Amino acid sequence: MFGAIPLLIVPFVLYNLGLLGIFGGGDDPWASQMFSIRMMSGGVFSMTLGDLIVLIGLILFFIEIVKSTRTSNASIMDHLLSTFVFVAFLVEFLLVKGAAHSVFFTLMVITLVDVLAGFSVSMRAATRDINMG
C-alpha cells in the first residue's frame, strides 16, 4: 500500500512548509543560501534552499519513474495518486500567491512529466503484455 504513495508529494509538502515560514522568514525563503564551496577553479559553488528542493524533487522523480516500470494493480493506484498530486500542484499554482515562484513551477512540471511518463510506460508495458499473450 505504501508503494502506491507518490513520492513527489514530499517536495509539495516541503514547499508548503516553507510558505508557512518553517525554513525562515522573509519575502523569498527559497533564495536563502544553504552552503557554498570554493572550487579548485576559483569559482564558488553555492546552493540555495530552492535549488535543494528541486534537487530532492528530481531524485524522487527518478524513483517514481523506476516504480512506474512495474506491472501490477498497485501501479494503477500509483498513477491515479500521482495525477492527484499534479492537480494539487496546479490548483495551488493558480490560486496561492506564494506558489507563483519558479521553484514551485519547476516542481509542478516535474510532477506533470511524472504523470505523463508513468502512463506512457504503463501503456507500453501493457501493449507488450498483450502482444506476448
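Biologist: Which residue forms a salt bridge with lysine 67, with the closest N and O atoms 3.8 Å apart?

Modeller: This is a predicted model, in which local features need pLDDT of at least 70 and side-chain atom pairs count only at pLDDT 80 or more, while totals for chains, interfaces and linings use all residues. Residues are numbered from 1 along each chain as its sequence is written, and side-chain values use heavy atoms, with hydrogens and water left out. A salt bridge here is a side-chain nitrogen of Lys or Arg within 4 Å of a carboxyl oxygen of Asp or Glu. At 3.8 Å, the partner of lysine 67 is aspartate 78.

Biologist: Which helices does the pair of lysine 67 and aspartate 78 link?

Modeller: Helices (H or I, at least four residues) and strands (E, at least two) are DSSP runs, numbered from the N terminus. The two residues are 11 residues apart and link distant parts of the chain. Lysine 67 lies in helix 2 and aspartate 78 in helix 3.

Biologist: How far apart in helix 2 are glutamate 64 and lysine 67?

Modeller: These two also form a salt bridge, with their closest N and O atoms 3.1 Å apart. Because they are 3 residues apart in helix 2, the separation is about one helical turn.

Biologist: Is glutamate 64 buried or exposed?

Modeller: Buried means under 20% relative accessible area, exposed over 50%, and partly exposed in between (1.4 Å probe, protein chains only). Glutamate 64 has 1% relative accessibility, so it counts as buried.

Biologist: Which residues are linked in a network of salt bridges?

Modeller: By the rule above, the count comes to 2 salt bridges. Lysine 67 is at 14% relative accessibility and counts as buried, and so does aspartate 78, at 2%. The network joins Glu64, Lys67 and Asp78.

Biologist: What does phenylalanine 89 touch, not counting residues up to four places away in sequence?

Modeller: Contact means heavy atoms within 4.5 Å. With those sequence neighbours left out, phenylalanine 89 touches Leu8, Phe12, Phe104, Leu107, Met108 and Thr111.
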